[in-house]
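Trainee: I would like to learn how to read a model like this one, feature by feature. Could you take me through it slowly?

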Amino acid sequence: MEPVSTPRNCPFDYAEALEFDPLLKQLQNEEPVARIQLPHGDGEAWLVTGYDDVRTVTTDRRFSRSAIIGRNFPRMTPEPIVQDEAINVMDPPASSRLRSLISKGFAPRHMERMRVRTQHVVDELLDRMEEHGSPADLFEHLAAPLPLTTICEVLDIPEGDHAQLRAHARTMMDVGIDNRENAVRAKADLRAYFAKLTAHRRENPGDDLISALAAARDGDELLNDQELTVMAMVLLITGQDTTTYEIGNIAYTLLTRPKELAMLRARPEMLPQAIEELLRFIPFRKGVGIPRVATEDVELSGVKIRAGDIVHVSYLTANRDGRKFDRPDELDLERTGPSHMTFGWGGHHCLGAPLAATELHVALGTLLKRFPDLRLATPAEEVAWNKTSIWRYPLALPVAW
């Protein structure tokens, strides 16, 4: 059946703490495959919100990421965050080759080393927070520095460069229309930085992830210089901001839910399962990310999507699909069941998910153990939230102990 309704205007600018976006919820309930208009880019797109339909779009070869290259596709930010050569816009088999090479950098032996480094960084940061004394800003002391420090350690980026690289990444995530020129410049500067750094690592390999990626072989295949540059850049951007925000979001969620917090304190072995449920439950971003293009006509939930149409998916609504999850809008730390889609799905499932999970487990586990009476130092309604980014997170999280 063809939809006759005009496309929905979807600013996706809802930013009330971590409440679920009512517009997304409405689309999920009323029009699971909907025509939408986004703040930036040309034309309209489809938005797919159901778990099974999202799984189809992210795994079916009839939906192509690489077909968006060169198109001013509908999106959330003034300048596309993604690079044309990045793995995020490749289709199999090209992406399969790259993913196979990159996954070698996240092999268990590398991950164990990263876990040890992460623990070392967390211990140092929490020592400093303790020295600072109660109350302190958990966002400033743990959430903001940990992922950046860890990914920069993993990539072996000199400490003097951290702040500038973080600033560039933040500029690229800003949704403000007057931010476009800054975003274009930040993207170019980041790219130039990583072109130089990756070339240096090819010549002088060390014990870091860039060197591991430069040397990773799949048969005779190596990453070429451009792929290595863009991959290092993607790792820096995706490897710090999102984990920072999720540490803040998860800490806020637990500190405002005494029952769940008490359960985790009493049963610390539950932490890995609890983190999975927190990742499912928390709406960690606004709207949508990188779309796909239908390469032929496809029918989803009775709606015909035509060849050439742009298709966005919402992992946020998939995570709240009542056909997959019992009581989808409730946080249940003992929940078992289908996997959440917070790290994406299919051929573009986040390659850095093992590192993100490691950081979340180490950070939250150590925090709960070291500060058994940790609590919010301000009423929950006074916590300030970011309003301008595509990501949702507290700007500060004052805690006491």
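This is a predicted model: local features need pLDDT of at least 70, side-chain atom pairs count only at pLDDT 80 or more; totals for chains, interfaces and linings use all residues.

Trainee: In what order do the three strands of the open sheet lie?

Mentor: Strands of a sheet pair through backbone hydrogen bonds, either parallel or antiparallel. Strands here are DSSP runs of E with at least two residues, helices are runs of H or I with at least four, and both are numbered from the N terminus; two strands pair if DSSP finds at least two bridges between them. In this model the order is 5-11-10, with antiparallel pairing, and the edge strands, each pairing on one side only, are strand 5 (136-137) and strand 10 (375-376). Strand 10 pairs with strand 11 (residues 398-400) over two bridges, and Arg375 stands opposite Ala400 in strand 11.

Trainee: How many disulfides does a search of the whole structure find?

Mentor: A disulfide is a covalent bond between the sulfur atoms of two cysteines, and the test applied is a pair of cysteine sulfur atoms within 2.5 Å. The search finds zero. Cys350 has its closest cysteine sulfur in Cys152, and because the distance is 17 Å, that is too far for a bond.

Trainee: Which residues touch the most other members of the largest nonpolar core?

Mentor: A nonpolar core is a set of buried Ala, Val, Leu, Ile, Met, Phe, Trp, Tyr and Cys residues joined through side-chain atoms within 4.5 Å. The largest one has 112 residues, and Phe12, Leu142, Leu236 and Leu333 touch the most other members. Its largest share, 16 residues, comes from helix 10 (residues 225-255). A second, separate core of 19 residues includes Val33, Trp46, Val313 and Ala318.

Trainee: What does Thr243 touch?

Mentor: Contact means heavy atoms within 4.5 Å. Thr243 lies in helix 10 and counts as buried because its relative accessibility is 4%. Leaving aside residues up to four places away in sequence, Thr243 touches Pro147, Ala356, Glu359 and Leu360.

Definitions and conventions: Residues are numbered from 1 along each chain as its sequence is written. Side-chain values use heavy atoms; hydrogens and water are left out. Buried means under 20% relative accessible area, exposed over 50%, partly exposed in between (1.4 Å probe, protein chains only).
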